[in-house]
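Colleague: Hi! Could you walk me through this model? I have a few quick questions.

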Amino acid sequence: GTVVIVKFKHPNGTPLQAYVVRLPKAVCADVTDMDQKKQRVFNIARVQVSGELDERTFNALLNKRVTIGGTLFGQHTAYHIAPILIQMKSIVRAK
């Protein structure tokens, strides 16, 4: 997918931003929720990136196609703006 920054407001009104990977086509995925239950999520068009984020790396990859490795999980806080997040372990520019 392609790395973009999405700006949003937390329900308390605080302006925030998140790194998101927009997928070239919608997919479905099985993810684990907070209670460690698996659920299938359909029509996923974007995935929010989670974990230790190196801003310099992400800024260099903005609007570029990337491949990200990690563990998927479902949205469960007001800081999560996509239905699926990835606990990122690796990111590389796609060839």
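Colleague: Which residues does valine 49 touch, not counting residues up to four places away in sequence?

Modeller: Valine 49 touches Tyr19, Val21, Phe58, Ile68, Ile86 and Met88, leaving out residues up to four places away in sequence. Contact here means heavy atoms within 4.5 Å. Before we go on: this is a predicted model, where local features need pLDDT of at least 70 and side-chain atom pairs count only at pLDDT 80 or more, while totals for chains, interfaces and linings use all residues. Residues are numbered from 1 along each chain as its sequence is written, and side-chain values use heavy atoms, with hydrogens and water left out.

Colleague: Thanks! How many residues has the largest nonpolar core, and which have the most contacts inside it?

Modeller: The largest nonpolar core has 16 residues, and those with the most contacts inside it are Val3, Ile44, Val49, Phe58, Val66, Ile84 and Ile91. Such a core is a set of buried Ala, Val, Leu, Ile, Met, Phe, Trp, Tyr and Cys residues joined through side-chain atoms within 4.5 Å. Buried means under 20% relative accessible area, exposed over 50%, and partly exposed in between (1.4 Å probe, protein chains only).

Colleague: And which elements give two or more residues to this core?

Modeller: Those are S2, S3, helix H1 (55–61) and strand S5 (84–93). Helices (H or I, at least four residues) and strands (E, at least two) are DSSP runs, numbered from the N terminus. Apart from this core lies another, of six residues, including Val4, Val6, Ala18 and Ile81.

Colleague: New topic: is phenylalanine 8 buried or exposed?

Modeller: Phenylalanine 8 counts as buried, because its relative accessibility is 14%. You'll find phenylalanine 8 in strand S1 (residues 2–9). Not counting residues up to four places away in sequence, phenylalanine 8 touches Thr14, Pro15, Leu16, Gln17, Ala18, Ala78, Tyr79 and Ile81.

Colleague: Where is histidine 10 found?

Modeller: Histidine 10 is in the loop between S1 and S2. At 14% relative accessibility, histidine 10 counts as buried. Setting aside neighbours within four places in sequence, histidine 10 is in contact with Leu16, Ala78 and Tyr79.

Colleague: How many salt bridges does the structure hold?

Modeller: One. Arginine 40 pairs with aspartate 30, and their closest N and O atoms are 2.7 Å apart. The pair links distant parts of the chain, with arginine 40 in strand S3 (residues 38–50) and aspartate 30 in strand S2 (residues 15–32), ten residues apart. A salt bridge is a side-chain nitrogen of Lys or Arg within 4 Å of a carboxyl oxygen of Asp or Glu.

Colleague: Is arginine 40 buried, exposed or partly exposed?

Modeller: Arginine 40 is partly exposed, at 47% relative accessible area. Aspartate 30 is partly exposed too, at 42%.
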